[in-house]
Every structure is written in C-alpha cells, then in structure tokens.
Amino acid sequence: GVTTPCVRAVAGALEEKGFDTVVFHAVGSGGRAMEMLIGEGQIEGVIDITTSELVDGEYGGKFAGDPTRMTVAARAGVPTIVVPGAMEVLNCGTVASVPPEFRDRDVIVHNTSVCAVRVDRTQAAHLGSEFMGRLAGANGNVVVVVPKRGFSSYSKEPDGPWVDGEADAAFIDALDEANRDLGIPVRKAELNVNDPEFAEIVTDEFLRLWQRENGDA
C-alpha cells in the first residue's frame with residue numbers, strides 16, 4: 001500500500017502505450033516469482049518500484065526476498081528501472097515479533113498480523129550500499145530512479161509519520177558511493193515516490209530504455 005499510487009500510475013501509463021503489465025506484490029513470494037519469470041525469459045521489461053523485500057531480508061522481516069532479489073533483471077539484459085520504494089520500511093508480524101533492536105522505534109500497525117518499523121540512519125546507509133551492490137553486473141540496461149522526498153507514503157513531507165531526511169540522505173549517499181565503480185545511471189528527483197510527477201519520470205525512463213532496445217512500443 002505505501003507505494004501503490006506510483007505502481008498504479010506507471011502500470012496505467014504503460015497499458016495506454018500498449019504494454020501488458022503484471023504486478024508482483026512485495027511480500028517475499030512476489031519478488032521470487034518475478035525473478036523466476038525474468039530468468040525464464042517470460043518478462044521483457046521490469047520496473048522494480050517496491051524493493052523493501054531487501055530490507056526484510058537484511059533485518060529479519062516478514063516479507064524477505066532471497067539473495068537473488070534485484071539481481072536477475074540486471075543480468076538478463078531486459079530494460080529495467082529500479083526504485084528504492086519503501087526502502088525505509090521493515091515489515092514484521094505482530095508487534096511482539098519486532099526484533100529487539102527495533103523495539104525503541106515508532107511502530108505502524110497495518111493489521112493484526114503485520115506491523116512496520118523504520119530503519120535508522122546507520123541501517124539506511126547499509127541498505128543503500130546493498131541496494132546498489134545487487135545491481136552489479138548490469139550490462140547497460142538498468143537505470144535507478146531515486147525519489148529524494150521520501151521512499152513511501154510514510155515518508156512523504158511534510159506530515160508523514162516517518163519523515164527523516166538524514167536517514168534518506170544516508171541511503172542515497174551510500175548508494176552513490178557504491179555506484180562509483182559500477183557506473184549505473186542514477187536519476188534523482190526532488191519528489192516523493194507517490195507524486196504523480198515521479199511516476200511520469202519512471203515511465204519516461206523505461207520507455208527510453210525500451211525504445212533503445214526494441215524500437216517503438
């Protein structure tokens with residue numbers, strides 16, 4: 001739900017261009033299914049908006065991806081846009097299941113079986129490095145698009161419950177540092193991930209990659 005407006009806007013824009021779209025939910029099994037289908041050659045382009053399965057994988061969350069998360073598309077050669085959507089969100093089960101090191105954080109309760117806690121500045125920096133490291137081996141088909149005004153609806157300025165510019169900046173700085181040797185194109189926008197203008201940027205970047213590889217849609 002915390003990146004749904006962006007996902008819907010991008011999917012709708014691509015469908016208007018004649019693409020068939022499939023949405024995979026970022027609940028662990030969704031990411032694994034997507035990576036499997038990419039590897040089998042059944043997906044011709046990827047827009048990876050909600051990458052929080054990486055957070056859960058690193059910190060013991062409920063919807064963890066496996067070690068291949070965010071690696072298959074980059075190496076398969078399909079046009080790929082990657083966004084750090086919800087990269088500040090660690091998804092847990094009940095409040096009682098929150099790992100001890102996170103129990104001093106503000107908890108957002110989604111429902112009776114899922115709650116979320118925010119990563120801090122140090123963890124955000126680690127995640128920025130890990131995020132970019134997963135894309136090592138990309139062969140020129142990947143662009144990263146970063147929303148500098150928040151990675152989810154929780155971090156949307158001015159009154160989102162998890163607005164933390166320092167933590168987000170630590171993520172972005174670590175991403176940039178990790179990218180020094182990779183040289184993957186990174187486009188940054190002074191927008192929240194769910195702003196309509198951000199969805200337009202993501203769509204335009206994907207279409208540019210697609211047209212370069214395949215011609216007009």
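Predicted model: local features only at pLDDT ≥ 70, side-chain atom pairs only at ≥ 80, totals over all residues.
Searching the whole structure turns up one cavity of 30 Å³ or more.

The volume of the largest cavity comes to about 70 Å³. Around it sit Met 34, Glu 35, Ile 38, Val 46, Asp 48, Arg 69, Met 70, Ala 73, Ala 74, Thr 80, Val 82 and Leu 135. Four elements each put at least two residues into this lining: helix α2 (29-39), strand β1 (46-50), helix α4 (72-76) and strand β2 (80-85). Of the contributors, α2 gives the most, with three residues. Sorted by class, the cavity lining holds eight nonpolar residues, one polar residue and three charged ones. Glu 35, Asp 48 and Arg 69 are among the residues that line this cavity, and they count as charged.

Next comes the open space. The largest pocket takes in about 1200 Å³. Its lining runs to 43 residues, and Val 7, Val 22, Val 23, Phe 24 and Ile 47 are the ones that lie nearest the pocket's centre. Helices α1 (4-16), α2 and α7 (196-214), together with strands β1 and β3 (89-92), each supply at least two residues of the pocket lining. The largest share is that of α1, which brings six residues.

Helix α5 (residues 121-133) and helix α6 (residues 165-178) have axes that come within 7 Å and cross at roughly 30°. Angles under 35 degrees count as roughly parallel, and α5 and α6 are therefore roughly parallel to each other. The crossing of these two helices is right-handed. On the α5 side, the contact is made by Arg 121, Ala 124, Ala 125, Leu 127, Gly 128, Ser 129, Phe 131 and Met 132. Facing them from α6 are Glu 166, Ala 167, Ala 170, Phe 171, Ala 174, Leu 175 and Ala 178. Taken together, the residues where α5 meets α6 come to 11 nonpolar, two polar and two charged. Arg 121 of α5 and Glu 166 of α6 both take part in the contact, and both count as charged.

How values were computed:
Residues numbered from 1 in each chain as written. Heavy atoms only, no water. Axes fitted to C-alpha atoms, helices over the stretch in contact; angles between N-to-C directions. Parallel < 35°, antiparallel > 145°, perpendicular 65-115°, else oblique. Left-handed = near helix turned anticlockwise from the far one by under 90°. Contact = heavy atoms within 4.5 Å. 1 Å grid on protein atoms, 1.4 Å probe; cavity = no way out; pocket = protein on both sides within 12 Å on 5 of 7 lines; lining within 4 Å. Points joined across faces, edges and corners; volume = space filled by probe spheres on them.
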